[in-house]
Amino acid sequence: MAATQVLIVFNPVSGSGNRRIVEAVQQVLSNRGCDVSLYPTQSAGDATRYLAAYDGPLDVVAVAGGDGTINEVVNGLRERDNQSYRLALIPTGTVNVLAAELGIGKTPEGIADIILQGREKPIYLGSVNDRRFVLMAGIGYDAWVVDNVDLALKKKVGKLAYVLSMLKQLRHFGKKTYQLTVDGERYQANSVVITNGRYYAGSFVLSRQADLSKPTTQVLMISGRNPLKFLGILLGLPLGIMEKMPGMKSVAARHVQIELLNAGTEREPVQADGDSLAELPLNLQMEGSPVRLLVP
């Protein structure tokens, strides 16, 4: 079914050439008879606030930005029936893992074709402490890396800012232990990554068992206290075998609770979709109804 009402929400400071791509997509859609509205976000959290209050027609909501912008959009749509709208992606931003996973390119004509003629792919979202996430959540090392990224440096060098934060946080691996309850089963781990999709950082296969179309998430638990051994586990990521490395355990789940053992008074961050969005203790629940995402 061709879209007639398209709302494009975009982050004007995310990625290079963002506005140019957005305006090109708008032009193509308008030429094909669509009624297109643009909303440039003003600050962090603005997309969520705007969509939560939006009372206009919503056939397709197209998101231009990175994974963080997508996260804001789906949280703004949280109170709507998942079947009352469709999502589309206009890949921009420092990192857009979801677009990479789904094979969505960056040409305006190709993006417009997906919005107008793409197939609907049902994807299941989860919530962490009552905030939705699309792709993943992280506790321990993964969360420390995100929480300590130099945002000014990120604007200048993009993904390299994450690499530098990874190196700085490596020495802290293994110093904390987390207690997990995964669908009623108890586990312990020194770091945890929870993922709905297969990919990490755009192009690396993190989990071959994860599937966005399943109503479960994949919980990857990393155990060990030696940072050098953990570095060996990380080396499995570019090879696509991290899930099978010694010290890793991967289980599917619908409901996950995590707390820090011997917790003190310090803040323990939780990252979701590449931003620090919560703190432990964590309560994660997968949603029962999927969102409709337009894909090639």
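**Entry 1: a glutamine in a strand**

I started with Gln-271, which is buried, with a relative accessible area of 2%. I call Gln-271 buried because that value falls under the 20% cut-off. I kept in mind that this is a predicted model.

Gln-271 belongs to strand β17, residues 269-272. Next I asked what lies 2.8 Å from a polar atom of the side chain of Gln-271. I found the backbone nitrogen of Gly-274 there. Leaving aside neighbours within four places in sequence, I then listed the contacts of Gln-271: Met-136, Ala-137, Gly-138, Asp-142, Ala-143, Val-146 and Ser-276.

I moved on to β19, residues 282-286, and sorted its residues by face. Leu-282, Leu-284 and Met-286 make up the covered face, while Asn-283 and Gln-285 sit on the uncovered one. I recalled that side chains in a regular strand alternate between the two faces of the sheet.

Which strands pair with β19? Strand β6, residues 126-128, pairs with β19 in the antiparallel sense over three bridges. Strand β16, residues 255-260, also runs antiparallel to β19, joined by four bridges. I looked up Gln-285 in both pairings: Ser-127 has Gln-285 as its bridge partner, and His-255 stands opposite Gln-285.

**Entry 2: helix α2**

Last, I checked which residues of helix α2, residues 46-53, are buried. They are Asp-46, Ala-47, Thr-48 and Leu-51. I noted that these buried residues pack against β1 (5-10), β2 (35-40), α3 (67-76) and β7 (131-133).

Notes
Residues are numbered from 1 along each chain as its sequence is written. This is a predicted model: local features need pLDDT of at least 70, side-chain atom pairs count only at pLDDT 80 or more; totals for chains, interfaces and linings use all residues. Side-chain values use heavy atoms; hydrogens and water are left out. Buried means under 20% relative accessible area, exposed over 50%, partly exposed in between (1.4 Å probe, protein chains only). Helices (H or I, at least four residues) and strands (E, at least two) are DSSP runs, numbered from the N terminus. Contact means heavy atoms within 4.5 Å. Two strands pair if DSSP finds at least two bridges between them. A polar contact is a pair of N or O atoms within 3.5 Å; within protein, one must be able to donate a hydrogen and the other to accept it, and residues adjacent in sequence count only if both atoms are side-chain atoms.
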